[in-house]
Amino acid sequence: MTDESYIQLTIEIAKKGEGYVSPNPLVGCVITKDNRIIGAGYHQKFGEEHAEINAINSATESLEGSTLYVNLEPCSHYGKTPPCTDRIIEEKIKRVVIGTLDVNPLVSGNGVRKLKKAGIDVKVGVLEKECLELNKFFFKNITKKIPYVTLKAAQTLDGMIADKNHFSEWISSDSSRKYVHLLRSKYDAVLIGSNTAKIDDPKLTVRMVEGRNPFRVVLDSELKLSPELKLFKNNKDKKTILVTSLANKLKKNKIEKFNKRGVELLFVKKNEDKRINLLSLLKKLSNRGIASILVEGGGKTYSSFMKLDLFDDVFLFISPKILGEGIKTFPGLNFENLKQALKLNIIKSEIVGDDILIKLAK
């Protein structure tokens, strides 16, 4: 097998940690000797051993003279665990092949320098594009200090996310809804606006596939939502976060009702349009370890993220249905003409059940 083949294998192994290692990156590691794989591992859970250590510990024989493959530069600093570079050097591994450098200032380039100083042959930049894509959540969060944001919407052919009575069950197919549940398991948090919470009363949990539930973030600038909504009543895991304005700190009785449900209240300043300051919110969420957010509605919320350029990509599920009248997907975007229109790039399109999923990026 080639270096590329082994790095591809580390990428696939790394994906096993999706939903469990954030805000750390997804990392897989494979160790070979005499063209045989003698060890493999991945970062399984935040705070636990890194991929390189798990691979080393799984080895079936001496690692002296072996080659270690890893999709991300090994760490060279003390964090929640000791430096991986020290153990690699200690085991007398001869060669290290790395997919991409780590953008974390505590690591970036230091791991490579430490390994080379110890006399280890180091190769960097194998399948770099694929390795960067794998950890796009981590790289965005560590460099920009705000989470990676994906806008997810299900709409009709004529661009409606609900009928004129705000009814939306179900625009998309079972297969598309299952796909969304898989997405939820991979993102740290899902986010909705107050209208979506009030009208749809969603659970925002992972049910149609196996996986962990994300944090559930609800925007409610005026603190008007009822504590009786499913999001608040079914909060045994205490992962529901209610975002409201600073002025509502005085509403002690309402706050107490949410506290009894185990709901975390996050107080954020407002913009001039009296809506939650999204940039301030994203910074607060990043500070508490949320590195990726799936925005699930509604139209005004999508539009706000787009207007402020606070999104990274869009997942648009298009159902082969026509309403004629209804609630638009992006009602807050009122461009004067086509020249001003927001232009996105189609990254990928695929058939999901009866629908078309279009993935777009800026």
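**Helix H1 and what it packs against**

Reply: The buried residues of H1 are Asp3, Tyr6, Ile7, Thr10, Ile11, Ile13 and Ala14. Buried means under 20% relative accessible area, exposed means over 50%, and partly exposed is in between, with a 1.4 Å probe and protein chains only. Seen down the axis of H1, these buried residues fall within an arc of 165°, so they line one face of the helix. The arc is that of the directions from the helix axis to the C-beta atoms.

Me: Before we go on, what am I looking at, and how is it numbered?

Reply: This is a predicted model, where local features need pLDDT of at least 70 and side-chain atom pairs count only at pLDDT 80 or more, while totals for chains, interfaces and linings use all residues. Residues are numbered from 1 along each chain as its sequence is written, and side-chain values use heavy atoms, with hydrogens and water left out.

Me: OK, back to H1. How many residues does it have, and how far does it reach?

Reply: H1 covers residues 3–14, so twelve residues, and reaches 16 Å from its first C-alpha to its last, close to the 16 Å expected at 1.5 Å a residue. The expected span is 1.5 Å times one less than the number of residues.

Me: What do the buried residues of H1 pack against?

Reply: They pack against S1, S2, S3, S4, S5 and helix H5 (128–134). Contact here means heavy atoms within 4.5 Å.

Me: Let's take S1 then. Is it buried or exposed?

Reply: Six of the six residues of S1 (residues 28–33) are buried, so the strand is largely enclosed by the rest of the structure. Both faces are covered, with Gly28, Val30 and Thr32 on one side and Cys29, Ile31 and Lys33 on the other.

Me: Which strands does S1 pair with?

Reply: S1 and S2 pair in the antiparallel sense over six bridges, and Thr32 stands opposite Ile37 in S2. Four bridges also join S1 to S3 (residues 67–72), again antiparallel, with Ile31 opposite Leu68. Two strands count as a pair if DSSP finds at least two bridges between them.

Me: What's in the turn between S1 and S2?

Reply: That hairpin has two residues between the strands, and Asp34 takes a positive phi near 55° there.

Me: Switching topic: which residues of H4 are buried?

Reply: In H4 (residues 110–117) they are Gly111, Val112 and Leu115. Seen down the axis of H4, they fall within an arc of 100°, so they line one face of the helix. On the other side, Arg113 and Lys117 are exposed.

Me: Why would spaced-out residues end up on one face?

Reply: An α-helix has 3.6 residues a turn, so residues three or four places apart point the same way.

Me: Nice. What covers the buried side of H4?

Reply: The cover includes helix H3 (84–90), strand S4 (95–100) and strand S5 (121–124). H4 is followed by Gly119, whose phi is positive, near 90°.

Me: Can you zoom in on one pair?

Reply: S8 (residues 189–192) and S9 (residues 215–219) run parallel, joined by four bridges. The bridge partner of Ile192 in S9 is Val218.

Me: Last one: where are the cis peptide bonds?

Reply: One joins Ser22 and Pro23, with omega about 10°, and Pro23 is in the loop between H1 and S1. The bond from Glu169 to Trp170 is also cis, with omega near -10°. Trp170 lies in the loop between strand S7 (160–162) and helix H7 (174–186).
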